[in-house]
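The entries follow in the order I made them.

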Amino acid sequence: MAEHTAGSRAGKRRSTVPLTIGSGLLGLAVWVLLANSGIQGFPGPLEVAERAVTSIGDGTLFGDLFASLRRVLTGFVLGVALAVPVGFLMGWYPPVRGLIEPWLQFFRMVPPLAIIPLAIVLMGIGETPKIFVIFLASFLSSVVSTFQGVVSVDSTLINAARVLGAKDGRVFTGVVVPASTPFILVGMRIGLGASWATVVAAELIAAQEGLGYRMQQAQLYYDLPTIFVQLIVIGLVGLLMDRLLLLAERRLTSWQERR
Amino acid sequence: MSPVTPKIEFRDVSHGFDLGGETFAALDHVSLDIADGEFVTVVGPSGCGKSTLMNIAAGLLEPRDGQVLVDGRAVHGPSPQRGVIFQQYALFPWMTVRKNVEFGLKIAGVGAEERRRTAERFIDMVGLSDFADALPKTLSGGMKQRCAIARAYAVDPTILLMDEPFGALDALTRVQLQDRLLDTWSRERRTVLFITHDVDEAVYLANRVIVMAARPGRVHRVIDVDLPYPRTEDMRLSPEFAELRREVWHSVYHQPSPIERTSP
């Protein structure tokens with residue numbers, strides 16, 4: 001399914017399409033087999049599809065989805081908006097890097113989810129702590145790759161701009177920014193993935209709506225079909241967002257020589 | 001300014017790099033005058049500091065000692081007056097050929113229309129008119145270097161500093177670009193400082209060949225090439241050319257022994 005949305009014209013790619021379809025069918029077969037093997041309450045595809053239709057019908061599915069998406073996008077946009085300038089400053093001014101990097105490395109080792117208890121204590125159980133951990137997740141992954149992008153700009157390109165008369169400001173806007181765009185976009189993709197993973201987990205802990213919250217409720221009532229619906233939606237939406245960013249990345253960095 | 005002021009003057013230039021606590025003398029008291037309109041090539045073994053010499057002339061590197069003067073004025077930092085051609089082409093990969101060539105003009109504040117006209121002229125000069133809107137990734141090595149040459153010429157430098165510009169190209173492309181370069185040079189007489197490790201190329205292009213020695217980097221010999229311009233394919237096969245090539249090759253190959261010292 002994923003390969004279809006990628007929409008590649010290369011013949012090499014096209015040959016993987018039957019395999020992808022085959023893989024999907026195989027997975028479905030395994031699912032049916034598991035459902036019929038007598039595991040207590042394990043729903044089959046039909047049952048899950050029915051549940052999906054009812055949750056779409058009563059509006060809970062889209063309500064939850066939008067609640068989760070709103071949190072992710074808010075946190076993600078804030079995170080990236082801070083990460084890009086901070087990453088640039090770190091790459092461009094070594095002292096800034098020296099000051100910030102130890103903290104960055106430290107917080108990178110702390111999973112954002114581990115911040116949730118602290119965030120809830122300090123910020124209450126409203127939207128703020130959830131958006132904050134998502135912000136943190138996307139900030140950390142984007143800032144590192146932006147900084148890497150700036151540091152790895154080919155010094156020959158910078159010299160080429162300088163000998164053509166470019167001063168620092170021009171070198172930065174004309175060379176460093178475009179040259180590090182590919183890194184920033186990769187960082188954004190990783191950041192979005194991390195945000196999506198984080199939001200669902202954050203909602204498991206404390207929320208009144210959202211995909212994670214719905215699963216948490218379903219778990220209480222032993223409602224496996226609902227859990228399946230949520231899992232599938234989480235996977236599909238995550239995949240869709242990733243593909244959209246990948247598409248944007250390809251568009252914006254098509255000038256790159258791919259080896 | 002007296003008429004005998006050299007275009008480029010290296011005055012007792014020394015430079016070193018710190019390698020694990022020890023100073024590696026890249027250049028040791030190099031003095032060299034290059035006249036206006038002269039074509040000088042520099043050859044030498046790797047580590048003789050020829051690229052360091054060029055980076056200092058370009059203003060990309062401050063010498064540890066001594067100074068470089070251009071038109072009698074000390075060089076501090078790069079200037080569009082000294083165009084540089086890099087071995088790795090150094091084209092901006094996100095810009096088309098046209099945008100690359102216009103880059104220096106844009107910085108100089110040239111208006112859009114004139115910028116386009118000037119760029120067009122130089123793109124035409126290097127024979128890339130059909131590729132003006134192509135991205136560098138679609139060009140061959142030779143075409144990339146031609147684009148880089150057009151970009152350097154567009155800002156009308158009086159000096160061209162070329163760091164092994166044809167080093168990464170195949171033999172045929174290299175010869176073609178050499179001839180093109182000489183052709184342009186003989187019409188416009190910009191001063192050229194051309195770094196190479198190819199003895200043939202050094203002799204074929206130059207008024208004067210500077211042979212450098214390594215450890216520490218210094219001028220070993222200066223060999224005048226008194227072959228007339230325009231240089232032709234026949235000249236490459238002439239006994240005079242062979243004799244000069246032999247002489248240059250000999251001084252590149254039989255280097256003076258390294259001077260033992262850790263710091264200049």
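Entry 1, the helix pair. I looked up helix H3 (residues 112-125) of chain B and helix H4 (residues 141-154) of chain B, whose axes come within 9 Å and cross at roughly 140 degrees. Angles over 145 degrees count as roughly antiparallel and 65 to 115 as roughly perpendicular, with the rest between those ranges oblique, so H3(B) is oblique to H4(B). I noted that the crossing of the two is right-handed. The model is a predicted one.

Entry 2, the residues in that contact. Which residues of H3(B) meet H4(B)? I listed B:Thr118, B:Ala119, B:Phe122, B:Ile123 and B:Met125 from H3(B), and on the H4(B) side B:Ala150, B:Tyr153 and B:Ala154. By type, the contact of H3(B) with H4(B) has seven nonpolar residues, one polar and no charged.

Is strand S7 (residues 159-163) of chain B mostly covered or mostly open? I found it mostly covered, with five of its five residues buried. I then checked each face of S7(B): B:Ile159, B:Leu161 and B:Asp163 are buried on one side, and B:Leu160 and B:Met162 are buried on the other.

Entry 4, the strand's partners. I looked up strand S6 (residues 82-85) of chain B, which pairs with S7(B) in the parallel sense over four bridges. Strand S8 (residues 191-195) of chain B also runs parallel to S7(B), joined to it by five bridges. I followed B:Leu161 of S7(B) across both pairings: B:Val84 stands opposite B:Leu161, and B:Leu161 stands opposite B:Leu193 in S8(B).

Key: Residues numbered from 1 in each chain as written. Chains lettered and ligands numbered in written order. Predicted model: local features only at pLDDT ≥ 70, side-chain atom pairs only at ≥ 80, totals over all residues. Axes fitted to C-alpha atoms, helices over the stretch in contact; angles between N-to-C directions. Parallel < 35°, antiparallel > 145°, perpendicular 65-115°, else oblique. Left-handed = near helix turned anticlockwise from the far one by under 90°. Contact = placed C-beta atoms within 7 Å. Nonpolar A, V, L, I, M, F, W, Y, C, P; charged D, E, K, R; others polar. Buried ≥ 20, exposed ≤ 12 C-beta atoms within 10 Å, placed from the backbone. Pairing = 2+ DSSP bridges.
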